[in-house]
Amino acid sequence: SDKIEAYYFHFTARCTTCKTIEAKAKEYLETGYPERFKSGLITFQSINLDEVAAKPLADRLGISGQTLLLVRGDQKINITNEGFLYAVAKPEKFNEVIREKVDLLSMNK
């Protein structure tokens, strides 16, 4: 599949940085890939790990804590660390990381 799914896993209690990572990641995907986002080829979901409904997906993807994950088929790229490093202090760098990783997933067949 050509579909790239972005997941932001978090808990109910969230700090400002956590909320910023989510907001910036979603914003960059929507504005950086507007046609693919509108058509559903790129999606973004925010998932609360404290909710029972999140468990099957978290288990399938091997997630146990706060994580920003890009998924295409069986390929996964975790960009959580980059989110914490750049989302607040250097948002343009965070945007570059997201673009680089989405483009990498787009090229891999």
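Tutor: Contact here means heavy atoms within 4.5 Å. This is a predicted model, so local features need pLDDT of at least 70 and side-chain atom pairs 80 or more, while totals for chains, interfaces and linings use all residues. Residues are numbered from 1 along each chain as its sequence is written, and side-chain values use heavy atoms, without hydrogens or water.

Student: What is Leu68 in contact with, leaving aside neighbours within four places in sequence?

Tutor: Tyr7, Tyr8, Ile21, Ala25, Phe44, Ile77, Asn78, Ile79, Thr80 and Phe94.

Student: And which residues have the most contacts inside the largest nonpolar core?

Tutor: Leu68 is one of them, with Leu29, Phe44, Phe94, Ile98 and Val102. That core has 22 residues. A core joins buried Ala, Val, Leu, Ile, Met, Phe, Trp, Tyr and Cys through side-chain atoms within 4.5 Å.

Student: Which elements each supply at least two residues of it?

Tutor: Strands S1, S2 (42–48) and S3 (67–72), plus helices H1 (16–32) and H5 (91–107). These are DSSP runs numbered from the N terminus: helices are H or I, at least four residues, and strands E, at least two.

Student: Switching to rings. How many aromatic pairs are there?

Tutor: Two in the whole structure. Tyr7 and Phe9 have ring centres 5.9 Å apart and planes at 35°, so they are tilted. Both are buried. Phe, Tyr and Trp (six-membered ring) pair with centres within 6.5 Å; planes under 30 degrees apart are stacked, over 60 edge-to-face, the rest tilted.

Student: Why is the pair Tyr28 and Phe94 edge-to-face?

Tutor: Because the planes stand at 65°, with centres 6.1 Å apart. Tyr28 is in helix H1 and Phe94 in helix H5, so the pair ties together parts 66 residues apart in sequence. Tyr28 and Phe94 are both buried.

Student: New topic. How many disulfides turn up?

Tutor: Zero, searching the whole structure for cysteine sulfur pairs within 2.5 Å.

Student: Is Cys18 buried or exposed?

Tutor: Cys18 is buried, because its relative accessibility is 5%. Cys15, at 36%, is partly exposed. Buried is under 20% relative accessible area, exposed over 50%, partly exposed in between (1.4 Å probe, protein chains only).

Student: Last one: where is His10?

Tutor: In strand S1 (residues 4–10). His10 is buried, because its relative accessible area is 7%. Beyond neighbours within four places, its contacts are Glu22, Ser46, Ile47, Asn48, Leu49, Asp50 and Gln66.
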